[in-house]
Amino acid sequence: MAALGARIREARVAADVSQEAAAAAVGVSQPTYHRIEAGARPLKGDELVILADLFGVRAAAITGLGAVQERARFAARTDGTHSAMNAMRNRLYAYLELDSYLAGQGLAQGLAQGLAQGLSRG
């Protein structure tokens, strides 16, 4: 957890965001936020998404799960434009990054597994 806290701090400092502003964004006190950066309190999935957005980085920059893009393979139909495919690819990477983080936190069911089950019922 300490390595994750260090990456959160690095991203916050690089974005020039105060601990107080980051704490307010995720709805915790500044001391609680400090514990997140110190690795004494786990980061929740929704907090990860909020902080990544606040710092202007992808969730993988905070979680250290950059290998997600290398593992991702997908097929889809778009209107045929390159920009539509890039947008779809970026959304897929964001979901896979969050899924990897949540699975690493020991959650019983990740996003990708839930999505796959939902699609198979469909």
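Reader: What pattern does the chain follow when read along the sequence?

Author: This is a predicted model, where local features need pLDDT of at least 70 and side-chain atom pairs count only at pLDDT 80 or more, while totals for chains, interfaces and linings use all residues. Residues are numbered from 1 along each chain as its sequence is written, and side-chain values use heavy atoms, with hydrogens and water left out. Helices (H or I, at least four residues) and strands (E, at least two) are DSSP runs, numbered from the N terminus. The chain has 8 helices and 0 strands, and the pattern reads α-α-α-α-α-α-α-α.

Reader: OK, how many salt bridges turn up in the whole structure?

Author: A salt bridge here is a side-chain nitrogen of Lys or Arg within 4 Å of a carboxyl oxygen of Asp or Glu. One of them pairs R41 with E47, closest N and O atoms 3.0 Å apart. Searching the whole structure gives a count of 2.

Reader: Are R41 and E47 buried or exposed?

Author: Buried means under 20% relative accessible area, exposed over 50%, partly exposed in between (1.4 Å probe, protein chains only). E37 and R12 are buried. As for R41 and E47, both are buried.
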